[in-house]
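This briefing is meant to be read with the sequence and the coordinates open. What follows goes from the overall fold to the places of single residues.

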Amino acid sequence: MRRTFALTVGLALIAALLVPEAANAATSLDQVIDNLRNWLIGLLVALATLLLTVGGVRYLLAAGDPGALERAKATIKAALAGYALAALAPVLVGVLQHIVG
């Protein structure tokens, strides 16, 4: 019963938070592309932060194991690549916007 109530309240809060977004719906192709860029940047930064956290935890838990250290470093490098892609996302979307119109 409590889980159902908590789930219902959570969904209601999410819906209430999304109402302003629905009011700001895109009315032109430029707005759609801008929204796409913003979502892309947010997603890339979130994933890169998650990878950076996982890589840091792996590095701390490696305890001197060379294989574990290399996996941790590879994860951290992937996170840095994700941040680089997030920084380049506006450029990539700008090129797409120029191509489309």
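The points below are grouped by topic, beginning with the overall picture and the confidence of the model.

The structure is a predicted model, and the protein contains 3 helices and 0 strands, which follow the pattern α-α-α when read along the sequence. Helix 2 and helix 3 are roughly antiparallel to each other, and several of the residues described here lie in one or the other of them, including threonine 75 in helix 3 and leucine 36 in helix 2.

**Confidence and overall composition**

- The average pLDDT of the protein is 80, and 74% of the residues score at least 70.
- Confidence is lowest in helix 1 (residues 2–23), where the mean is 59, whereas helix 3 has the highest value, at 88.
- Of the 101 residues of the protein, 13% count as buried.
- When contacts between residues at least 6 apart in sequence are considered, 64% of them join residues that are at least 24 apart.

**The pairing of helix 2 and helix 3**

- Helix 2 (residues 29–61) and helix 3 pack with their axes 7 Å apart and at an angle of about 175 degrees; because an angle over 145 degrees counts as roughly antiparallel, the two helices are described in that way.
- Sorted by class, the residues in the contact of helix 2 with helix 3 are 25 nonpolar, 6 polar and 6 charged.
- Helix 2 is made up of 33 residues and reaches 48 Å from its first C-alpha to its last, which is close to the 48 Å expected at 1.5 Å a residue.
- Ile33, Leu44, Ala48 and Gly55 are buried in helix 2, and the buried residues of this helix pack against helix 3.

- Glycine 82 has its place in helix 3, which spans residues 66–100, and it counts as buried because its relative accessibility of 13% is under the 20% cut-off.
- Leaving aside neighbours within four places in sequence, glycine 82 is in contact with Leu44 and Ala48, both of which are listed among the buried residues of helix 2.
- The C-alpha atoms of glycine 82 and leucine 44 are separated by 6.0 Å, although the two residues are 38 apart along the chain.
- Threonine 75, also in helix 3, has a relative accessibility of 8% and therefore counts as buried.
- Not counting residues up to four places away in sequence, threonine 75 touches Leu51, Val54, Gly55 and Arg58; of these, Gly55 is one of the buried residues of helix 2.

**Partly exposed leucines**

- Leucine 85 has its place in helix 3 and counts as partly exposed, because its relative accessibility of 44% falls between the 20% and 50% cut-offs.
- Leucine 85 and leucine 40 are 45 residues apart in sequence, while their C-alpha atoms are 9.5 Å apart in space.
- Leucine 36 lies in helix 2 and is likewise partly exposed, with a relative accessible area of 45%.
- From C-alpha to C-alpha, leucine 36 and proline 90 are 9.8 Å apart in space, and in sequence they are 54 residues apart.

- Just after helix 2, alanine 63 takes a phi of about 55 degrees, a positive value in a residue other than glycine.
- Glycine 101 is found in the segment after helix 3, where it is exposed, with a relative accessible area of 87%.
- Glycine 101 and leucine 29 are 72 residues apart in sequence, yet their C-alpha atoms are 8.8 Å apart in space.

Terms used: Residues are numbered from 1 along each chain as its sequence is written. This is a predicted model: local features need pLDDT of at least 70, side-chain atom pairs count only at pLDDT 80 or more; totals for chains, interfaces and linings use all residues. Side-chain values use heavy atoms; hydrogens and water are left out. Helices (H or I, at least four residues) and strands (E, at least two) are DSSP runs, numbered from the N terminus. Buried means under 20% relative accessible area, exposed over 50%, partly exposed in between (1.4 Å probe, protein chains only). Contact means heavy atoms within 4.5 Å. Axes are lines fitted to C-alpha atoms, for helices over the stretch in contact, and angles run from 0 to 180 degrees between N-to-C directions. Angles under 35 degrees count as roughly parallel, over 145 as roughly antiparallel, 65 to 115 as roughly perpendicular and the rest as oblique. Ala, Val, Leu, Ile, Met, Phe, Trp, Tyr, Cys and Pro count as nonpolar, Asp, Glu, Lys and Arg as charged, and the others, Gly among them, as polar. pLDDT is the predictor's confidence in each residue, from 0 to 100. The expected span of a helix is 1.5 Å times one less than its number of residues.
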